[in-house]
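Welcome! Have the sequence and the 3D view ready, and let us walk through this protein piece by piece.

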Amino acid sequence: MRLLLLGPPGSGKGTQADRLVEILGVRHISSGDLLRAEVEAGTPCGRAVSSAMESGELVPDDVVIEMLRQPILDASAAGGYLLDGFPRTLAQAESAAAMAREEGVLADAAVFLAAEPDLLVRRLLARAEELGRADDNETTIRHRIEVYNEKTEPLRKYYAERGILLEVDGLQTVDQVTADILDGLGRGPAHA
Ligand code: ADP
């Protein structure tokens with residue numbers, strides 16, 4: 001199975017991703033984690049993206065696409081992927097789809113975790129205290145949500161038009177969100 005997991009910052013993508021990869025036996029590919037690893041390792045890519053990441057801007061489309069190409073192909077060959085945090089712009093979605101179509105690894109579903117912005121700010125501030133991520137302060141958080149609304153939210157329509165959108169209420173309990181996703185994918189208890 002090949003899945004895209006989208007939703008605003010703080011909507012619970014990482015939490016759901018960990019559970020879904022375990023249950024579905026696919027590889028977790030997180031664009032944010034891969035970018036943070038590049039920054040930490042001080043690679044040329046990491047040096048190029050660190051200031052954008054710290055201020056909550058998106059890093060350039062071509063950098064992300066280039067970074068993810070091989071992991072997507074490897075995961076597809078190994079049984080499937082769950083892409084978390086990618087695509088985030090229409091240009092990324094179109095270029096990923098072109099690549100995936102060529103390689104025969106198009107996504108089966110785009111899962112959207114829907115959530116209301118004010119609650120997300122609260123959730124993210126709580127996470128900031130726990131994890132101390134460089135981009136988890138209130139100004140940056142609000143900016144990341146704006147960037148999401150402007151650049152990523154339009155992808156909901158894009159995937160709806162492609163007939164692969166699965167929208168789930170991200171403000172339910174963690175278990176209920178997982179259950180709704182599995183159900184929507186035809187992998188819930190009712191389908192066992
Ligand atoms: P969150 O979803 O909580 O905002 P992520 O870990 O997914 O956090 O992303 C952190 C940062 O990494 C983003 O604010 C952005 O700067 C960068 N980033 C991650 N994925 C992408 C992407 N697909 N395109 C552009 N920038 C990205």
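## Helix α5

Let us begin with helix α5, which covers residues 90-103 and has 14 residues. Its end C-alpha atoms lie 20 Å apart, and this agrees with the 20 Å that the helix should span at 1.5 Å a residue. The expected span is 1.5 Å times one less than the number of residues. Helices (H or I, at least four residues) and strands (E, at least two) are DSSP runs, numbered from the N terminus.

This is a predicted model, where local features need pLDDT of at least 70 and side-chain atom pairs count only at pLDDT 80 or more, while totals for chains, interfaces and linings use all residues. Residues are numbered from 1 along each chain as its sequence is written, and side-chain values use heavy atoms, with hydrogens and water left out.

Which residues of α5 are buried? They are Q92, A93, A96, A97, M99 and A100. Buried means under 20% relative accessible area, exposed over 50%, and partly exposed in between (1.4 Å probe, protein chains only). The buried residues of α5 pack against α4 (61-77) and α8 (155-161). Just after the helix, G104 takes a positive phi of about 70°.

## The nonpolar cores

A nonpolar core is a set of buried Ala, Val, Leu, Ile, Met, Phe, Trp, Tyr and Cys residues joined through side-chain atoms within 4.5 Å. The largest one here has 31 residues, and L4, L68, I72, Y81, L83 and Y159 have the most contacts inside it. At least two residues of this core come from each of β1 (2-6), α3, α4, β3 (81-84), α5, β4 and α8. Helix α4 gives the largest share, six residues. Another core, of 17 residues, lies apart from it and includes L5, L20, L24 and L82.

Now look at I72. Leaving aside neighbours within four places in sequence, I72 is in contact (heavy atoms within 4.5 Å) with I29, Y81, L83, F86 and M99.

## Two paired strands

Strands β4 (residues 109-114) and β5 run parallel, joined by five bridges. Two strands pair if DSSP finds at least two bridges between them.

Strand β5 (residues 165-169) has two faces: L166 and V168 are on the covered one, with L165, E167 and D169 on the uncovered one.

## A look at E54

Is E54 buried or exposed? E54 sits in helix α3 (residues 44-55), and it counts as exposed because its relative accessibility is 51%.

Leaving aside neighbours within four places in sequence, E54 is in contact with A134, D135 and T140. E54 and R133 are 79 residues apart in sequence, yet 9.3 Å apart in space, C-alpha to C-alpha.
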